[in-house]
Amino acid sequence: MKAERILFYRLRHFWSLMPLFIFLMMAHLSSAQTAVIPLKVTVIVKPPVSSVFSEYGDLSNKVIITVMNPNPTVAYNRVMLHGSLKRTSDEYITTLDNYAPAQLLTINPLETKVFTADPVQLRFLRQEVVRSSFPELLTDVLKNNELPEGNWELCVQAMAVDLDGIVYQASDESCFPLNITHAAPPVITSPFNGQTVPSLQPNIIFSWTPPAGNVIGAQVVYDLYAVKVMPGQSPNDAIDAAVGYKANNPMVKTTLFTNQYVTQPYDLKLDTGTTYAVQVIARDLNKKVAFQNNGRSEVTVFNYGSPAVTAMMLTTQVTPPGQIYPVLNYDPVPVSEVKGKLVYRFKTASGVTGATVGNQSPNLNVSAPTHLPGQPVPDQMKYNQELLSTTGAKPLANTKISLVLTYVLDGKIENETYSGQVIKEGSLYNTQSYFKDMDKVISTTTTDADGNFTFNFMNVQNEIGLINDKLDLTTGGGEFKKTAIGKLYKVYRIRVENNYYCSSDMNIKVEPWKGVDVGTLVSLVKSYNLKVRVTWTKSPYWDSYKGKGTYLSGVPTYILRKSKPQNAPPDEGEVKTANVVYFRGPNHSSEKITDIQGYAIFHNLIQHDPNNFSDRYYINCKPDKMAGDVIFDPKEKSYYPLWDKDKNYFPFNSIGEYVPSSGFKIPIQFGSSIVWNSELVVETYTDSVGVQPGRPRITGKVEVAKSAGARPLSDVGVVSINGYKNNNDPSKLFTVVKTDKDGRYEFNNLDVETEGFKLGETSKVIGPTRTIVTKPEGFKGGSLPANPPMAPMLWGEQKVNMDFSLEPDGWINGYVEDENGNAVESDVDIDGFIKVTTKAELAGVSSGRGNIQFTTRQAFRTAVPSGDKRKIIIQPLDAGYFSKDTTINIKVSDGKQLPLIKFIVYKAQKRIRFQVLEKNSSGRLNLPGASKPVQELQ
């Protein structure tokens, strides 16, 4: 009871205690000690920005670093520079903590030193003295001498060494942004992919585009490889063997200084009727520029044929999708053409259909006629038809694709049903022995900017379509036996050579000398959903609001990228119509609010490349300071497996492997080998984020009661009166903040009073109680809550709607008329706080003979803030009047009848300016002194 009486006394007499409170606050501020002023460091990187790591080993003539000592009395005697290259908050390459140059610096008071060409001080990022947060990152960088593409920062910091040899920070970090990009490799333009070169042509011209991108300071040369592609061999495999081992006697031309080479008589003679693969590799002799794909161009394939006028002539007639058209060729080699357009979308888009293993495939024509005895078995497969809707799809541009031969089964392999799905390698033992053309690449090309593509290829397939209507195949033996039965089809399919996308299930059938326009093919993105649950931490330390470990609703939860993987779909994520944009790609964040169970679910996230550890998402939770009843420390968590064993349960888009750190150290595979659309199942993965409750927080606004359009009450003091149980420190009894320009106030990081600490147990919150009060000049004061004080706030508790709606403490009673006594309807603004419009009312006027004559006037009455020189703006609604600005003194209303104030406005007067001229034979001249009565101008 005694404590309650004291609190009641403080509430009643708070304003009388304000002078003492201000004195105590000033005394507290005057006792603060001045800290030592640290050094100031700035760094600027001279262009061009290099992607070669060794270029940062000695920064001489590449940077401008200034170190300034702003302290007028203190000198730093043992100073050196440390630095780092950062791509994200947790990916960096930085100077070792124990690194020190041969000579330390002295920075005298008020001295500034500039470093541009000092190798002693500017070699803090050379290979021997750096470490990294990710050993794999540093290993790859040192091995390839290349920084991965992305947004990096070069950061520099001054360090000092005391007499005991302890290194400490002498300045804050200064960072300079670096956009690291690799030059694009060459693109072969001649021979173009799929071209047939006549064998009687005396020379073959190989040409390619120069590398695109930042190649400043580079001396680019090219290596040209051309090698024969053996039957059944992949062109990429042929080139890899030629480049790596000079296999199959390739034609090799190294260190070419121009982007063209014409074959000479002494070069390797090409065999007529043979397919050749070509690749160009760009190198920088100065080793200053890094190239994408190690400078290697895409592999192109050309056919060296018989002497012909041209290699191929294709018909130009427009054909509807799925229709066959003739292809003419003067060379006797049978050719075909497949053309169309490739688009991509997510499987969650509308209109998705498609087969999965174990279901009836739309590729099969279930309505085909029944097989009659003695007649050929009908081919029930649908050819050259896309199975998926193109609704919402976008062009898959500049993407490598291949036309491949493959085998499709309508039947069973062991107990697994295949209804028009591709037989995958590994489903049967020694598959290549039974299906020799399985996944054979027939032709390769790249889609254009609109997703269009064309394959021109030699078509020598005698069997296409249904090739075995009674397959009964057994592979292996004993306990390793596997059996396949059913109908076997051999078809062409188009495979997307990019792990972020699946490939269309369209089965293509085209005969030699024919072409087919397959129309628009859909490639589904290898995607997944992520369900994130946000909870309080389970640590027993906090007596948290809602209880430890509780899931939290209403928490803004984000997913973001910090670097964008190459070739990944650009529009990953989703968009909702409720004015909320969710995840939208690199360096953009998505936001979702957790539901009542603490969950936020994100759709259309992209499966990850197992060989690119930076291909990851980050889950970010941060409190909403304008909504919700919880406050916590922001938390960011990388969504990526921390341990090798966790990789088996992570959505990787292709097969990777790792070697266990112990045991037999046999490589273990992880990831998914999805190729075709029908194999894609969009899974939902789960993760959780435990956030740590922050100190309590109170926020609200101070506004004028019931006044639309009033300006907010800014720069107003709001006081929290704090009632502790065990703390008598007078400096903690009051906490004062000011409202901002919008009238909002915030009490952040509020104190929490707990009972005695007990190991392993939660310390109960016992105080302080709080009462929030304010008394702006000209307004009646207010206090919150309605029944003070409020109970002690727990860890993580936030109150966001502690709003004051204050009544003015004065009153005004007036009316508006013109200089002739006519009532004028007007808008009235009182110092920006109160805005009203006059209203017509009757006013009695005595005639002097005991009679009363009634007139009408435009009057207004309203509560207004008291104070000296309150500005009144009268704006007549009739544009024929001037507005009126004046100031008056408004006293605190004492409940008595207030005097009636008359405000006079004046009619707007108009001026006419004219010139009097004399008209005569010599022209018009000014006629000075002429005048005309104004009334004649009206």
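Let's start with two strands that run antiparallel: S14 (residues 220–228) and S17 (residues 274–284), joined by nine bridges. Val 227 stands opposite Ala 277 in S17. Keep in mind that this is a predicted model.

Those two strands belong to an open sheet of five, in the order S12-S18-S17-S14-S15, and the pairing is mixed. At the edges sit S12 (196–198) and S15 (251–256), each pairing on one side only. From one strand to the next, the twist averages 25°. Helix H4 (residues 235–245) packs on this sheet, where it touches S14, S17 and S18 (300–305). The direction of H4 makes about 120° with that of S14.

Now for the rings. Across the whole structure, a search turns up 22 aromatic pairs. Here are two of them:

| Pair | Centre to centre | Angle between planes | Type |
|---|---|---|---|
| Phe 134 and Phe 613 | 5.2 Å | 35° | tilted |
| Phe 860 and Phe 903 | 5.9 Å | 35° | tilted |

Phe 134 is in the loop between S7 and H3, while Phe 613 is in the loop between S33 and S34, so to speak a link between distant parts of the chain, 479 residues apart. Both of these residues, Phe 134 and Phe 613, are buried. Phe 860 counts as buried because its relative accessibility is 4%, under the 20% cut-off. Phe 903 is buried too, at 3%.

Ring pairs also build a cluster whose members include Tyr 528, Phe 650 and Tyr 685.

Finally, some charges sit over rings. Lys 562 lies over the face of Tyr 618, 4.2 Å from the ring centre, and Arg 711 does likewise over Phe 833, at 3.8 Å.

Definitions and conventions
Residues are numbered from 1 along each chain as its sequence is written. This is a predicted model: local features need pLDDT of at least 70, side-chain atom pairs count only at pLDDT 80 or more; totals for chains, interfaces and linings use all residues. Side-chain values use heavy atoms; hydrogens and water are left out. Two strands pair if DSSP finds at least two bridges between them. Helices (H or I, at least four residues) and strands (E, at least two) are DSSP runs, numbered from the N terminus. Axes are lines fitted to C-alpha atoms, for helices over the stretch in contact, and angles run from 0 to 180 degrees between N-to-C directions. Contact means heavy atoms within 4.5 Å. Rings of Phe, Tyr and Trp (its six-membered ring) pair if their centres lie within 6.5 Å; planes under 30 degrees apart count as stacked, over 60 as edge-to-face and the rest as tilted. Buried means under 20% relative accessible area, exposed over 50%, partly exposed in between (1.4 Å probe, protein chains only). A charge sits over a ring if NZ of Lys or CZ of Arg is within 6 Å of the ring centre and within 35 degrees of the ring normal.
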